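Please read the points below with the structure open beside you. They take up one residue, then another, and then the interface between two chains.

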Amino acid sequence: MSTPTDRDRADLPISFAPLRDQLLAAAGAFAADAKALGHILGGLVDDVERAFREPMEIFPVCHHSPSSALHMARRLAARPPRAIFMECCEDMRPVVEGLRDCRAPVALQAFASTSEHFPAAWSPLSLVCPLTEFSAEYQAIAYAMETSGVELHFVDRSADHVFQWMPQEPGALEDAVPDDPDAEDQDAGMHGSAVGVEMGSLVPTFGLFRDVLLKNARVQHFSEWWDQYVEEAVIDGDYPAYRQVMFLIGSLFRRLGTAEPDRREDELRERHMWTRIKQGLRATGVDPKDALYICGAAHVASRVAEFGLENDALWDVPPRTPTTWLYGILPSSYSAISHQFGHPRGAVTLAETRWRKGIARNGLKPFAIQPRMKGRKGEEEGAAPAKATKPKKAPKAVPPPPPIEVAPAPDRLLGYLQGPPPPVESDEEELLKNCVKIVELARNNGYLASTADGIATYQTAILLANLRNRRHPTPYDFRDAAITCIEKESVPGRRDVARLCDVLLGGDRVGRIGFESLPPLARDVYARLAPLPITLESRTIQRALLDFRKSPELLPCSDLLWKLRYLLPQNVVRPIMGRRELGHVPQQESWDVAIGQNQGAVIQLGYEGMTVEHVLERRLKKAAFDPDARAADALRAAEDGLLFLGSERLVEELGERAVDLLTREPDARQAREIHTRVTRLVHYYRTTEAGLPAWLKRFVTAGYSHYATMLPNGFADRGVAPGDLAAMLQFIFTLESLALSLGCERSQLVIAVRQAGPVAVDPPKLSILWAAECVLRLRDVAGLRARFDALAENELTLPALPEYLEGLLLALAFTPLVGGLTVELLSKAFERLPDRLLMPWMPKLLRMLRPHADAALPVLVKEAAAVFPRGLDALEGWTAPWDRTKAGPSVATVEAPRAAKGPTEREASRLLAAFPATTDALATALGLPAVWSADGPSPSPSDAPRDSEHEAARALLRDHPATSIAAASALG
Amino acid sequence: MARAKSGGAEGAVATQADPGEVLRAPAEVKYAEELEWLRSIDGDARPASWRLSPRLVRVFVLGSSPSDRLEREIRPKFFGDPGTVERAIVTLASDRGLLLIGDPGTGKSWLAELMAAAICGDSTRVVQGTAGTTEDHIKYSWNVAMVIAAGQSRESLIPSPIMTAMQGGLMGRFEELTRCSSDVQDALISILSEKYIAIPELKGDDVVFARPGFNVIATANARDRGVNDLSSALKRRFNFVQIPVVTNKKTEREIVLFRTKELLARNRFEVETPPALLDILLQTFADLREASASQTSEDDRLESALSTAEQIGVLEDAVLHGRFFGDGSLAPGALAKSLVGTLVRRIPEDVSILNKFWHAAVAKRAKKDGGAWEAFEAAGKDALEGMK
């Protein structure tokens with residue numbers, strides 16, 4: 001960059017030579033190496049001169065600076081430009097039209113739900129550019145929108161470039177996104193996890209420079225420094241002085257206060273901006289003298305080749321990625337802006353207060369964006385159309401006002417640098433008022449504050465300001481003083497004194513998006529929920545009571561609320577009473593609706609589709625057709641589709657996908673969920689006129705075959721949990737009759753169980769297998785009991801009893817046949833297991849029973865009720881049935897007496913006895929002896945004569961007991 | 001300690017002692033020359049009997065910056081949030097007492113001493129709050145022999161440090177206020193409100209009035225909260241200023257170095273602390289704090305507050321060990337042993353917690369960074385092993 005010549009300098013309306021001389025003299029006086037410092041200080045003046053020399057006027061701004069906004073309003077009114085070039089993402093320009101229906105603060109948003117061109121961890125990509133009413137950019141936008149013939153160009157890099165220029169690493173985005181705000185500060189999180197861009201960001205990013213700046217100024221935050229050293233000095237100054245000061249500070253921060261990576265990115269942006277400006281001027285043919293370039297003050301110190309209109313250098317702007325970006329407007333808040341950009345809490349509120357005072361003091365009329373349509377008197381934007389009156393015509397754009405001649409201002413830059421900040425307006429009255437109010441607020445929030453605290457706060461604020469070299473306490477001093485005097489060792493309520501000061505000094509302000517600027521989906525939601533007897537726009541939670549018997553027209557609202565419940569975060573709409581289940585017909589429902597509080601969530605949903613149903617369908621399909629989706633996911637999507645959309649076409653598509661996934665399931669980890677859902681669907685469809693749909697039939701048959709096939713492997717593979725195995729058998733047995741009726745064959749199951757017999761070794765799985773064999777009549781319960789008795793009687797196998805019992809408990813899910821046996825074995829376990837085994841097992845048993853409370857426990861309780869005595873009286877002579885069986889001479893004696901035959905049964909017995917041929921033939925065919933008994937039970941197998949060999953062995957052991965005694969001793 | 005009273009223009013009491021003759025000289029003696037210089041250049045308005053203006057009290061405590069335009073540099077003595085110190089200073093200029101509240105080892109007493117030294121040149125008017133503190137310690141007591149001999153009179157009255165401060169228009173200090181029982185604490189109410197102490201035993205001349213400039217700087221331990229809570233009446237008469245635990249590594253490094261050097265100066269020697277070892281100490285404490293914060297149960301946390309003061313203690317101990325029992329330099333092993341010895345207070349609970357930490361965090365760093373970390377890890381393990 002060439003140095004300006006004397007002739008160039010002579011062109012300037014103001015001479016900066018005295019300033020340059022003074023700075024160079026200061027460098028010589030204070031620095032060891034005067035040349036280096038002189039070069040830096042001289043460079044600052046060069047930057048100011050260069051910016052002044054540009055044919056197109058550069059308007060330097062600082063983010064959310066009220067003085068920038070005030071000077072902008074003055075400048076636009078004084079010399080209305082024909083074209084405005086603004087530092088803002090160029091692809092966000094079309095969104096600006098939507099601002100007509102919004103109440104600031106709002107944020108322009110670019111959103112991409114997914115992109116293959118950026119790290120996957122970044123999705124969804126979201127970028128926000130917040131706008132407040134008291135920002136220079138808002139004033140310029142308002143002017144351009146309300147004045148005919150004015151062109152507004154956004155010239156900064158696109159949203160896509162913002163992400164392109166970040167380090168392409170998964171963790172890089174985390175640095176650009178603020179941390180989650182405090183739970184109590186809900187509005188601070190309104191931008192979600194979006195990357196923020198702000199026009200004219202001037203916060204120094206070079207840490208050392210920032211630290212020195214703040215330390216020397218005795219302030220804690222940059223905002224405080226800016227307020228004290230710049231804002232106060234320039235807010236009431238003239239326009240040229242404002243520009244000079246801003247150019248100088250921008251140059252200083254750019255040269256000394258910007259970290260290297262940020263400087264590189266700034267240069268890319270500057271190349272982009274100047275290229276777009278030149279292209280825009282060429283395309284529109286606007287004279288540069290009629291144009292205005294609004295940018296951050298630091299950009300005036302740019303060293304890029306494209307800087308300025310005196311050269312034709314253009315940059316080849318790198319192409320955007322093919323990512324699909326969607327644009328819209330989000331509601332924002334002052335706390336969200338502060339949180340997004342790391343400003344101290346309340347900084348934006350203080351800026352607004354200063355702006356309002358500035359307007360009042362200067363009698364200025366700021367530019368405002370006129371709403372597109374006006375509702376009834378007192379009605380706010382954002383209302384559903386049903387509540388809006390007839391739309392009126394948009395106000396006609398006015399031609400640019402005639403320019404106001406402004407007298408050339410004297411050189412104020414030198415004065416600014418030499419003198420202390422001018423005295424601030426005497427706000428004694430306001431300070432007193434604040435001291436009184438903060439005490440009142442504190443008292444309302446649980447503090448034991450009194451008038452004495454108000455006096456102390458006032459006194460401390462003055463002392464603090466004095467200590468900090470300020471003529472009058474700033475709001476920051478007031479806040480510190482209030483904290484010092486009122487805050488004690490703990491916060492009694494929800495808000496601390498710092499928070500109360502924020503509330504007192506203006507509080508948070510939350511923006512709202514007007515109905516017309518909402519995406520179609522959000523508009524549809526507002527319109528469809530309009531019949532509800534609540535105010536949707538309210539910022540408080542609204543309770544809606546829906547009685548469908550009296551107001552059946554509210555049923556569609558209920559449907560929509562359930563869909564929103566499914567799609568949105570849990571706090572947006574919340575059912576207090578009512579449920580959504582297959583086949584359930586609602587009578588009454590009660591909802592907490594907080595859409596007004598969470599407008600942003602509904603708007604973001606609008607990026608996913610045109611209607612709620614559209615988004616819901618897309619999400620369900622995405623869940624079902626995800627490459628990693630399992631059968632249960634698809635089945636869940638199908639059930640949700642039926643529940644929320646009732647679309648048979650969609651449900652069939654998702655159901656077919658579920659069938660497809662089921663046949664490819666590698667394991668049975670989701671068998672329980674699948675069984676629960678399928679059973680629910682089968683029950684539901686059975687109540688419908690059309691009956692089971694084809695896909696569900698296929699799912700049942702496929703599931704029966706699939707799980708039957710997996711059984712042998714499941715019993716053998718130790719990686720398959722017994723619970724999953726039981727869930728597979730639960731599917732098979734509970735849906736067996738349906739599956740068999742649809743063409744499945746039981747032989748497949750029988751073969752599978754028989755194959756599993758030799759391979760099952762784990763005790764729980766063996767129990768499950770035996771229970772399954774009982775169901776299939778491959779084993780009887782008596783045999784099973786004998787087997788467990790043998791286990792319990794053997795000291796060596798007794799420790800394994802809990803594991804077997806675990807299997808039996810799991811088996812209760814698919815058969816109640818083993819219920820009695822389980823009760824018996826549990827009783828025996830409690831009776832016989834030694835404490836060293838029983839005690840560790842108890843917690844495990846309880847934990848295991850808990851998830852099966854719905855299936856296993858009812859069976860167990862029923863069986864136990866049948867076995868155990870019902871009262872204390874009966875306990876005296878009570879003997880457990882299994883003990884009675886042992887004690888008695890034969891099973892016949894302990895069997896319950898047969899119930900007396902009824903007249904019909906007696907007649908049938910008599911008839912069969914009179915004509916035995918048919919019965920005998922049937923018995924012969926079944927391979928049973930044709931023996932007739934007139935009365936009493938048939939002989940029991942247990943009555944069979946004992947084996948003579950066993951008798952001989954017992955006699956031998958009785959005669960020579962030494963071996964048995966030794967074995968018993970060895971076993972303890 | 002030799003002490004001489006000299007009535008200055010503001011009636012301040014100067015404490016004089018040769019720093020070489022006392023183990024620990026108070027701040028006004030230690031920095032007497034600096035304070036005198038600041039006083040000589042102070043042209044700002046001063047409240048009541050203050051020896052320095054609030055702006056220069058701030059400079060004395062926090063150190064000077066170029067914007068102060070002083071001819072000589074004033075080194076910082078308290079490292080922390082400047083806003084907190086400013087709030088403390090202006091409180092002392094107001095009608096209310098100052099209560100510094102914070103975790104143990106955050107520098108409350110040090111800040112109180114510095115402010116008292118700068119404001120009135122006497123930081124030794126201290127009442128140490130304990131469970132045995134009585135109202136007599138706060139107000140006055142009697143010389144029993146003189147009372148028996150000559151009855152109760154001004155001569156037989158023994159004023160408390162607070163009463164002395166009132167009489168001289170000085171800063172009275174009250175350490176660990178919440179260790180005293182509530183009824184004893186309430187003796188301060190009338191002192192802070194009416195600014196006088198009545199002596200009903202005397203007939204005539206029975207009130208001691210506070211001279212302008214008198215105020216009270218009290219400290220309280222945040223961990224004692226709930227033991228002896230302040231009454232609402234007393235709370236109202238104090239401004240509470242929270243002194244947070246320093247978590248900024250740069251600041252913490254400065255504090256540790258500054259204080260360790262000061263402490264070692266008592267033994268009249270200096271030991272250069274290798275930056276790598278200081279980093280190890282700071283990092284270990286940072287890791288310990290993080291580990292402690294992530295625990296949900298008190299049983300899984302060390303009893304220690306893990307404050308900056310404990311880091312200073314660890315470093316001083318290690319330096320002394322190296323000096324007297326080692327080769328004169330600071331070794332990683334000595335640092336590890338000192339750290340373990342300082343932090344283990346409950347056996348076996350703290351040993352177990354520290355053992356887990358050592359194997360998880362320190363071993364990881366030793367493996368990753370090597371160097372002095374390895375010796376530090378090994379010595380720590382040995383020390384912990386010896387405590388089992």
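Which side chain of opposite charge is nearest to Arg243(A), and how far away is that side chain?

1. This is a predicted model, and the points that follow should be read with that in mind. The side chain of opposite charge that is nearest to Arg243(A) belongs to Glu57(A), at 4.5 Å. Because a salt bridge needs a side-chain nitrogen of Lys or Arg within 4 Å of a carboxyl oxygen of Asp or Glu, Arg243(A) has no salt bridge, although Arg243(A) is buried.

2. It is worth looking at what else surrounds this residue. Arg243(A) has its place in helix α10 of chain A, which covers residues 239-256, and its side chain reaches the backbone oxygen of Ile58(A) at a distance of 3.1 Å.

3. Leaving aside neighbours within four places in sequence, the residues in contact with Gly38(A) are Leu24(A), Ala27(A) and Gly43(A). Of these, Leu24(A) is 14 residues away in sequence, while the two C-alpha atoms are 5.2 Å apart in space.

4. Turning to the interface, the contact takes 29 residues from chain B and 22 residues from chain A. The area buried between the two chains is about 2,200 Å², and carbon and sulfur atoms give 52% of that area. Arg87(B), Val90(B) and Arg96(B) together supply 25% of the area that chain B buries against chain A, which is more than any other three residues.

5. The interface of chain B and chain A also holds three salt bridges, one of which joins Lys235(B) to Glu489(A), with the closest N and O atoms 3.4 Å apart. Between the two chains there are eight residue pairs in polar contact, counting pairs with both residues at pLDDT 80 or more.

6. On the side of chain B that touches chain A, the elements giving two or more residues are α3 (54-62), α4 (82-93), α11 (232-236) and β9 (238-243) of chain B. Among them α4(B) gives the most, with six residues. By class, this side of chain B has nine nonpolar, eight polar and twelve charged residues.

Technical notes. Residues numbered from 1 in each chain as written. Chains lettered and ligands numbered in written order. Predicted model: local features only at pLDDT ≥ 70, side-chain atom pairs only at ≥ 80, totals over all residues. Heavy atoms only, no water. Contact = heavy atoms within 4.5 Å. Buried area = accessible area lost by both parts, 1.4 Å probe. Polar contact = N/O pair within 3.5 Å; in protein donor to acceptor, adjacent residues only side chain to side chain. Helix = DSSP H or I, 4+ residues; strand = E, 2+ residues; numbered from the N terminus. Nonpolar A, V, L, I, M, F, W, Y, C, P; charged D, E, K, R; others polar. Buried < 20%, exposed > 50% of the residue type's maximum accessible area, 1.4 Å probe, protein only. Lys, Arg positive; Asp, Glu negative; His and termini not counted.
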